[in-house]
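Hi,

Here is the structure I promised to pass on.

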Amino acid sequence: MSRIVYVNGSYRSYNEASVHVEDRGLQFADSVYEVIEVHRNHLVDPTRHLNRLDRSMSELSIQPPMSRAALLHIIRQIVRRNRVSDGTVYLQVTRGTAPRDFPFSDKSLSPTVICLARRFARGARDIVAATGISVQTMPDIRWGRCDIKTVMLLPAVLAKDQAGQAGASEAWLVDSDGLITEGASSNAWIVNQKGELQTRSLSHELLPGITRRTAIDVAGELGISVNEQAFSPQDAYTAKEAFNTSASATIMPVIRVDHRSIGSGKPGPFTTKLRAAFHHYAERLHSGKSSTGS
Ligand code: PDD
């Protein structure tokens with residue numbers, strides 16, 4: 001757990017940091033966030049994450065709380081003060097605090113900024129990835145703007161809990177056409193019968209994952225084709241391989257979907273290669289500006 005947390009201008013101890021009871025993030029989930037991976041003392045893809053944060057704020061007319069350089073400074077401070085060499089940093093911006101009232105356009109609100117970091121034991125995720133994870137499909141009951149990274153995460157909370165009860169660690173959400181939109185907190189991929197990496201194309205139905213974007217770049221470098229097209233649970237059952245992408249798990253092999261083994265039932269060669277190359281690629285991004293400075 002973080003020992004030092006940033007909230008609205010100050011660095012506080014974890015147990016003392018707090019926000020106002022009428023923060024709109026608390027009452028309306030009127031709030032956006034980012035999770036950025038820290039890998040061997042470096043932020044992974046900070047520019048892409050902060051670009052997405054800007055877009056999320058702009059889509060919801062949340063005023064940017066400060067300059068990008070100032071946000072990046074806070075992120076780096078939190079990573080350093082908590083001595084996180086491998087883990088994630090969480091940044092949340094709420095619309096601000098006001099007496100509870102649904103509309104916001106006639107108020108000049110000052111956004112709340114929260115930043116925390118979480119440490120991972122080095123190699124812990126590699127141990128999970130060596131075996132792979134199970135996913136469970138279920139209906140996607142979320143709203144129509146899943147491309148905005150908001151904290152309105154109750155459908156994801158319920159989906160992941162239900163997946164857990166079914167012995168899986170992620171839920172793959174299925175739209176009304178019977179096609180998978182994405183994972184509850186990851187983007188969903190398969191390696192199809194043609195040996196292409198397949199993941200749904202971007203739209204309002206899914207989050208434009210930063211790891212998804214970087215994975216497409218890495219696949220390009222490796223000469224592996226990517227087909228941005230939606231797929232069904234049935235396509236997944238008969239796929240050669242499957243995996244998820246997210247900042248907290250990078251490329252995570254999926255070995256079972258709805259209790260059915262995918263491919264050989266073990267992490268496959270495409271996924272393994274991509275995961276290894278992803279880290280290599282991320283390390284190449286470490287030069288210069290993406291360093292946390294520690
Ligand atoms: N989740 N789709 C959803 C719904 C997500 O919540 C996430 C990330 C992703 C992957 O996006 P990225 O590659 O930018 O992390 C896709 C984060 C990790 C979380 O909420 O913890």
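How far is a nitrogen atom of the ligand from an N or O atom in the side chain of Lys149? The answer is 3.4 Å. Bear in mind that this is a predicted model.

Glu182 puts a polar side-chain atom 2.6 Å from a ligand nitrogen, while Ser186 uses a backbone N or O atom, 3.5 Å from a nitrogen atom of the ligand. On its own the ligand would expose 480 Å², and the protein buries 89% of that.

As for the site itself, the ligand takes up the space of the largest pocket. Several elements give two or more residues to the shell: strands E3 (31–39), E9 (180–183) and E13 (241–246), plus helices H2 (46–59) and H6 (210–222). Both domain 1 (4–120) and domain 2 (125–281) supply at least three shell residues each.

In total, 20 residues surround the ligand, and the closest are Tyr33, Glu182, Ile210, Thr211 and Ala247. By type, the shell splits into ten polar, six nonpolar and four charged residues.

Ala29, in the loop between helix H1 (24–28) and E3, has a positive phi of about 55° despite not being a glycine. Arg83, also not a glycine, has a positive phi near 50°; you'll find Arg83 in the loop between helix H3 (68–81) and strand E5 (87–94).

Cheers

Key
Residues numbered from 1 in each chain as written. Predicted model: local features only at pLDDT ≥ 70, side-chain atom pairs only at ≥ 80, totals over all residues. Heavy atoms only, no water. Near = heavy atom within 4 Å. Polar contact = N/O pair within 3.5 Å; in protein donor to acceptor, adjacent residues only side chain to side chain. Areas by Shrake-Rupley, 256 points an atom, 1.4 Å probe, with all protein chains shown as cover. 1 Å grid on protein atoms, 1.4 Å probe; cavity = no way out; pocket = protein on both sides within 12 Å on 5 of 7 lines; lining within 4 Å. Sits in = over half its atoms within 2 Å of the grid points. Helix = DSSP H or I, 4+ residues; strand = E, 2+ residues; numbered from the N terminus. Nonpolar A, V, L, I, M, F, W, Y, C, P; charged D, E, K, R; others polar. Domains from an automatic or database assignment.
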